[in-house]
Amino acid sequence: MPPYVIVIIVIGVLLLGLIVFPLINRFQFKRLPFDQQIRILMKQAKGLNYFKNISYGSKGTLIYVKNKRKILAYPWLLIDGNMLCTKENPFDFWDYPEEHPAFTDDEKIQAIEALEKYNEKSIVKLYLQDNK
């Protein structure tokens, strides 16, 4: 087999693996029901605090996973280049587990600190309605 054929095959495999398959996975993830997305995010979570931004253009949801067991969703709209959280009081109840347990004072402080750390690292910051 000539060397140029081997090079073409290698480039084709790299393009599929680095570009095409990840795009297909992202598209399929967005089409999954919310509970299946939550299960996948809980498996993907690295460390104690994990954030995943699921965007649908000018709106989306920032997902906060704590200890791979509790999930808080921040739904947002893009207004003037800022992600504005549309949830009035996001620190009342957890969105997952299904029983929607209430936040303790300690959990509320930890969630606010984790969101502040996320905003420091992220290019587009999430603003809550009361402190924009």
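Two strands are taken to pair if DSSP finds at least two bridges between them, and in this predicted model the strands β3 and β4, which run antiparallel, are joined by four bridges. Within that pairing, L77 stands opposite L84, a residue of β4. The pairing belongs to an open sheet of five strands, whose order is β1-β2-β3-β4-β5 and whose pairing is mixed. Because β1 and β5 (126-127) each have a single partner strand, they stand at the edges, and one side of each is left without a neighbour in the sheet.

Helices lie against this sheet. The helix α2 lies across β1, β2 and β3, and it runs at about 140° to β1. The helix α3 also packs on the sheet, where it touches β1, β2, β3 and β5, with a direction that makes about 125° with that of β2.

Which residues of α2 (residues 34-44) are buried? They are Q37, I38, L41 and M42, and because they cover an arc of only 135° around the axis, they are on the same side of α2.

Once its neighbours within four places in sequence are left aside, L126 is in contact with L62, Y74, W76, M83, C85, L115 and N119.

How are the rings of Y64 and W94 arranged, stacked or edge-to-face? Their centres are 6.2 Å apart and their planes are at 25°, and since planes under 30 degrees apart count as stacked, the pair is stacked. Y64 lies in strand β2 whereas W94 lies in the loop between β4 and α3, so the pair ties together parts that are 30 residues apart in sequence. Both partners are buried, Y64 at 0% relative accessibility and W94 with a relative accessible area of 0%.

The rings of F91 and F103 have another arrangement: their centres are 6.1 Å apart and their planes stand at 90°, so this pair is edge-to-face. F91 and F103 are both placed in the loop between β4 and α3, twelve residues apart. F91 counts as buried at 7% relative accessibility, and F103 is buried as well, with a relative accessible area of 12%. Taken together, ring pairs link F51, Y64, Y74, F91, W94, F103 and Y118 into a cluster.

The loops also hold some backbone features to note. Most residues other than glycine have a negative phi, and most peptide bonds are trans. Against that background, the peptide bond from Y96 to P97 is cis, with omega near 15°, and P97 is found in the loop between β4 and α3. That loop also holds H100, whose phi is near 50°, a positive value in a residue other than glycine; at 37% relative accessibility, H100 counts as partly exposed. Elsewhere, in the loop between β2 and β3, K68 has a phi near 60°, which is likewise a positive value in a residue other than glycine. K68 counts as partly exposed, at 40% relative accessibility.

Terms used: Residues numbered from 1 in each chain as written. Predicted model: local features only at pLDDT ≥ 70, side-chain atom pairs only at ≥ 80, totals over all residues. Heavy atoms only, no water. Contact = heavy atoms within 4.5 Å. Buried < 20%, exposed > 50% of the residue type's maximum accessible area, 1.4 Å probe, protein only. Helix = DSSP H or I, 4+ residues; strand = E, 2+ residues; numbered from the N terminus. Arc of directions from axis to C-beta. Axes fitted to C-alpha atoms, helices over the stretch in contact; angles between N-to-C directions. Phe/Tyr/Trp six-rings, centres within 6.5 Å; stacked < 30°, edge-to-face > 60°.
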